[in-house]
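Subject: Handover of a structural model

Dear colleague,

Please find below the structure that I am passing on to you. My notes on what was found in it follow directly after.

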Amino acid sequence: MDLGVRWKLHGDGRTPAPGAVVRPDERLSWPRTVGLGAQHVVAMFGASFVAPVLMGLDPNLAIMMSGVATVIFLLATKGRVPSYLGCSLSFVGVAAVIRAQGGTSATVTGAVFVVGVVLFLVGVAVQRFGARIIHATMPPIVTGAVVMLIGFNLAPVTASTYWPQDQWTALLVMLFTGLAVVCLRGFWSRVAIFLGLLFGYGISWLFDRVFGKIHSVDGGGHMTDHWRLDLSGVGKADWIGLPTFHGPSFQWSAILVALPVVIALVAENAGHVKAVGEMTGSNLDDKLGTAISADGIGSMLSTAVGGPPNTTYSENIGVMAATRVYSTAAYWCAAGFALLFGLCPKFGAIVAAIPGGVLGGITVILYGMIGLLGAQIWTRARVDLRNPLNLVPAAAGIIIGIGNVSLKFTDTFSISGIALGSLVVITGYHALRAMAPAHLKTQEPLLDEGTSSYDEGAEGTGGTGAPRTP
């Protein structure tokens, strides 16, 4: 049985041959392969380590389960689709809404576990019926709108929770991170979030030394005098130990909030498979359903023990494109590093100590980028917003999602924000399309445009539904 764990040496094992790439079933020398694995972990550090902190989950458990999910993904795809599965930022808004409704960490992971189940079933359906099933239910106007409202729904979290903790640090971190994204090149631009975190740690430490304690709200929302950077927990943490596990709890209201994120995850996986196929010159159409299902299984396993969900990471696509190394051996090494980090509580304590002001500056950019990825889906798919069939459901759903509009059914059950906005976009679009005159029903490009042989030559999308740029 071929599990994709055998690799032949590429060339001299040092660098890719001129004009060639190191294919998934090849590798460089083991020292170089291990180094590339470490580079992949660093590339996804910024977003994937910030996400569990923002969701209120254990960062140690998050990194450990991302390694486990990566192994599952590589085995399921038999080593044909190189990918690292990191914590998905698409769920940050979901977690914030669930906690605002009184939910606990168990409630968050329970809701996301159900999302993993649905994602697995979508993958099975794609394997059975082909990628066209995605387009039938989730055309670009729907996908873009849902991704957009997921991102922009997070704006109040930054404005009311993180930014007020230290507005000047937040402003400086935002400016530095923005400059890093725009001005740096290659690998360094892809780890701009990580660099922003390091800058934030440094500036917070400096401000503590120069100005003393800050009088502002703390992480719990209480107005106090406190240090910007509190590393007391790092000194108390052990070097080696297991993360904190807990089981999921299931509540219908929380599940309804989380379900729309399935759309973003399908777009992410479709784009990832397309991007890897293009850059390696391989036809990976037959692995799209498998990739989606594997992502679902990894998320189910992670959330079952109290961790966050996982998804394919665009940062790693960038590293592969820059190095021309697509060897899955490097991702096995990355998974190994993740497992080691997960077993180091001191490392998790450092991540958990990220100052609130630093998160304020980082999340302004991250949350905005998530929202604008929805606009990128529309742009790439050439969605015509002059067409009322597209405009009306998207406009209504986005305002409901961003404004956190609620629809109350009983004293104990209501849906709002992301859940209600997504429901309006999806049901509104399909209902209006069924009744719209023929001249409004123009054919739109496929969500996973270019991922399958039925539309060869088209450009692809990916990364939270965003265009993948090699």
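Of the contacts in the chain between residues at least 6 apart in sequence, 79% join residues at least 24 apart. Please keep in mind that this is a predicted model, so that every value in this message is computed from it.

As regards overall make-up, the chain contains 21 helices and eight strands. It has 470 residues, and buried residues account for 56% of them. The accessible surface of the chain amounts to about 19,100 Å². Carbon and sulfur atoms contribute 65% of that surface.

Met 435 belongs to helix α21. With a relative accessible area of 65%, Met 435 is classed as exposed, because that value is over the 50% cut-off.

Two backbone positions may also be of interest to you. Lys 78 is not a glycine, yet it has a positive phi of about 55°. This residue sits in the loop between α3 (59-76) and β3 (85-87). Its relative accessibility of 39% places Lys 78 in the partly exposed class, because the value falls between the 20% and 50% limits. Arg 382, likewise not a glycine, has a positive phi of about 55°. The loop that holds Arg 382 runs between α19 (356-381) and α20. At a relative accessible area of 66%, Arg 382 counts as exposed, because the value is over 50%.

Finally, I turn to the cysteines. How many disulfides does a search of the whole structure find? The search returns zero.

With kind regards

How values were computed
Residues numbered from 1 in each chain as written. Predicted model: local features only at pLDDT ≥ 70, side-chain atom pairs only at ≥ 80, totals over all residues. Heavy atoms only, no water. Helix = DSSP H or I, 4+ residues; strand = E, 2+ residues; numbered from the N terminus. Buried < 20%, exposed > 50% of the residue type's maximum accessible area, 1.4 Å probe, protein only. Contact = heavy atoms within 4.5 Å. Areas by Shrake-Rupley, 256 points an atom, 1.4 Å probe, with all protein chains shown as cover. Disulfide = S-S within 2.5 Å.
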